[in-house]
Each structure stands twice: as structure tokens, then as C-alpha cells.
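Dear colleague,

Please find below the structure that I am handing over to you. My notes on it follow directly after.

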Amino acid sequence: MSKKIPTRIYLAEDEMPKFWYNLRADMKEKPAPILHPGTLQPVTSADMEQIFCKEPVKQELDETTQLIPIPDGIRNFYLAYRPSPLIRAYYLEKDLETPAEIYYKFEGTNTSGSHKLNSAGAQAYYAKEEGLTSLTTETGAGQWGSAMAMACAFYNLKLTVYMVKISSEQKPYRKALMEAYGASVIPSPSNTTESGKKILENDPNTGGSLGCAISEAIETAVKSEKCRYVLGSVLNHVLLHQSIIGQETKTAMDMYGIKPDIIIGCAGGGSNLGGLIAPFMGEKLAGKSNARFIAVEPASCPSFTRGRYAYDFGDTAKTTPLIKMQTLGSGFIPSSNHAGGLRYHGMNSVLSKLYRDGFLEARSEIQTNVFDAAVRFMKVEGILPAPESSHAIKAAIDEAVECKKTGEKKIILFGLTGTGYFDMTAYMSYNAKTMSDSVPSDADLERGFASIPDIPQNK
Ligand SMILES: *Cc1c(COP(=O)(O)O)cnc(C)c1O
């Protein structure tokens, strides 16, 4: 295989994958079923359709269909910004003086700035097909809200976004972007919902959390006509849509005979990581690959590395179905010092299961080290990375430095999930050296764990 590998590998439009890959179909041990919070029985599609759109619910509960065709209407949306480039990090390799080969799949080439548009487009398309007229959602750092605002503008749907209050204050430009695309943005907790009012009564100065914002968005969706709620991570149908990332990466790597030894992704709710690793993990589960998989999470919100594996709610008001996952408890609120995303208390159930079964490793990083890695990367590769993505950069650099010590010529792949143009407040505090690290104490974590439901399934 002597073909010179270009710095940027682009697939042609007709090479863009026509199928999403459902990793669960190839898992011998499936994740535990999602439970109805009232009956504690596995949820039915009818239960879930009260909150979510129909086709995503079908996908959520499908653990047997391996390849799910991407409808032409969604492929058409994808073509506005995909296929995305797979980049060989020649400059970073040189800077690190590593014998390793480093590749990254860059998902930041659209205006919303991240991979989230892959699922936003799919979910908006299905809502439109179903005859809905509006959607509600939450956003933390703002990328998911921006992606949904773009997708809803494209498919002509109304969108209400509950934005975590602290984040709407720190990131006014995110709010402006969503509004420019036509979305209504409400800082959460708000007094527009019962769950918001309740949270404000208990803690009027709270900066909010994703869990609170989700409660508000669901409440509003359930109360409104022809309206459903959409979620940008954690759930299996979101990982399914994000498998376009892994499918494209594998197609591009196969063209050049590249087989990654280490695959790294940052982990918030798990969607980009799950999407990137899907086809590679499929090979590993089939015994055809020895690749290692590494999830990287912030030390301030460590659901893999310090969380419990238990059935938990997705939101603070405890209204969602129960998912068995790595969780810090739906009552856990990460420190407001934590700058960039990845603030969700739980983790996708497939990834949680793979972690428990030893197929997926996880590590946590403090944010000052993450920003050190971001800056080192941007100086040589040119791209301003999102703080979330920079968790993966940090681990990729560490693995490449390890190769330098051992002389091993490993092939490292990581997901560069997005750009950091809207995160300059965080970069400012990094530059000014006022950025601090906050790692929850065991007592902080215990308070979160106390919110995990006390049900027989968790005994
Ligand atoms: C939302 C986001 C993440 C984390 O979400 P996952 O669902 O874990 O992928 C990572 N990077 C960027 C740029 C994001 O916007």
C-alpha cells in the first residue's frame, strides 16, 4: 500500500454512505431495555411517541436491523455539508516527533459548527414527514440548539430551545445564531413551565443544567399541538444518525488500506463517539480487529470514570423513560467553572454497556490540560477546535507521545467534532490564565447518586 496518503481525504458525493450502521444489531450482549418510569416495564413505542417523533422511536427500539437506509430527503440535507474530510495530522505528527500516524475526522465544516447537524437534520426530516409543525429541545453549550435551528429552518418547522441559563449568558452569540435561523430561545430554568418554576423556587440563582432544560422542553412539547421533543445525544437513534461519521471514516480509510489501532472520541452523551466508533467496534465485536477505543470526558463531569451503572432518568424533573447507563445521577449539576459542553449526567446505554464489558476504555481530563492540547493542535493544524473536541485531541496527543517513547508506529484516529469560534470566552480565560479546574469531591458525587431512583432493578 504505497499510495501517498493526502492531507485531506474527501469522499465524492456518491461515495457518501447510503446506510446508517446500527451497532446494537451486532452486539451479542445487548444493553438493558429502556423502562417506563411508572410501570418499570420495557417501554413501548406508543409510550415513547408521546414525547418523540415516530420514526426515531422505531430506530430507538430496533436492536436487530444492522443497516438502516438513509432516506433520500436526509441524504440531500447531508450533501449541503458532507462528506466531511478525514485529515491526516501530518503537522501535529511532526510537532510531536511521533512515529505514530494521526488522523482526525473533522465535523466542524457546517455553520452550527459540530457533528450535531447529522442528527438534527434527520430528526427534523422525520418530524416534517410525520406532519408535525413544531419541535422543542434543550441546549447546553449551544451546538445542538444551533444545529436544530438550522435543520428546522431547512424543513420549515417552528423550534423552541430551552438554553441552560449560564450558557445563554456566557454565549450570547449562540443565542443570536439560533434566533437568526428563526428559533425561539428561552433561558432555562424559566417560568414558562411548571418544572422550571419548581426548580427556580428551590434555587432562584441556579445557572441551570441540561437536565432542567430537558424537563422544560418535554413539558412544553407534551402540552403543545403537533409538537414533539428532540434530543441531541444520549439516545440510540442519535447514535445511529451519527454513524454516518464512522461509515464515512471507514470508507475513506479502506480506500487507502488504513487500519486504526486506537480510536478516540470525546464523550458528553456519547453520540459522536458512538457514531465514530460504530463500524470499527462492529469489527472488534466480530473478532476481526484488535483496535482500542477510548472515551475522553471532563474531570468535572465524569460519568464513565466515576459514575454508577444504573437505571436513571434523563432529566432533573424525572419525567423521561429510565435508561440503564453510566450516570452521576440526574440531580448532578457540574461546576459552572467548567467551560465547554460535555456536561450531561448520563451516558448512552450502548457505550455504557461496551464500557462495562471491557470493549471501551475511558479517561477523564481537567480543562486546563485540555486547552493546552487545543492550543498545541491549532498552532500546527490551523483549526480552532471546540473545547469538547479538545478532550479527544488531548488523548490523541498523549497516545502519540507514548508511541514516541516506545517507538511504536501506531495508527491513531480521533473525532474532531467541531470548531470553537463561539467558545472564545473560554479561550479568553485560558489566555488570561484565569481558567481553573474543578473536580467534584466524592461528597459532591454522593449527592448526585442520591438522585438515582431506588427501584428493584437498581438493587
Ligand atoms: C455536543 C458536542 C459534543 C458532545 O456530545 P456527544 O453526544 O457526546 O458527542 C462534542 N463535541 C462537540 C463539538 C459538541 O457540540
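At 13% relative accessibility, Tyr125 counts as buried, where buried means under 20% relative accessible area, exposed over 50% and partly exposed in between (1.4 Å probe, protein chains only). Tyr155, at 10%, is likewise buried. This is a predicted model, in which local features need pLDDT of at least 70 and side-chain atom pairs count only at pLDDT 80 or more, while totals for chains, interfaces and linings use all residues. Residues are numbered from 1 along each chain as its sequence is written, and side-chain values use heavy atoms, with hydrogens and water left out.

Aromatic residues

The structure holds 14 aromatic pairs. Rings of Phe, Tyr and Trp (its six-membered ring) pair if their centres lie within 6.5 Å; planes under 30 degrees apart count as stacked, over 60 as edge-to-face and the rest as tilted. Tyr125 and Tyr155 form an edge-to-face pair, because their ring centres are 6.0 Å apart and their planes stand at 70 degrees. This pair links distant parts of the chain, 30 residues apart: Tyr125 lies in helix H5 (residues 117-129) and Tyr155 in helix H6 (residues 143-155). Helices (H or I, at least four residues) and strands (E, at least two) are DSSP runs, numbered from the N terminus.

Domains

The domain assignment, which is automatic or from a database, gives domain 1 (19-25 + 50-69 + 115-229) and domain 2 (82-113 + 235-446). Their contact (heavy atoms within 4.5 Å) takes 42 residues from domain 1 and 42 residues from domain 2. Between them the two domains bury about 3,500 Å², 62% of it on carbon and sulfur atoms; buried area is the accessible area (1.4 Å probe) that two parts lose on being put together, summed over both. Across this interface the rule finds one salt bridge, defined as a side-chain nitrogen of Lys or Arg within 4 Å of a carboxyl oxygen of Asp or Glu.

Backbone features

Most residues other than glycine have a negative phi, and most peptide bonds are trans. A cis peptide bond joins Arg82 and Pro83, with omega about -10 degrees, and Pro83 is in the loop between helix H3 (72-78) and strand S4 (86-88). Asn156, which is not a glycine, has a positive phi of about 60 degrees. Asn156 is in the loop between H6 and strand S7 (158-164) and, at 61% relative accessibility, counts as exposed.

With kind regards
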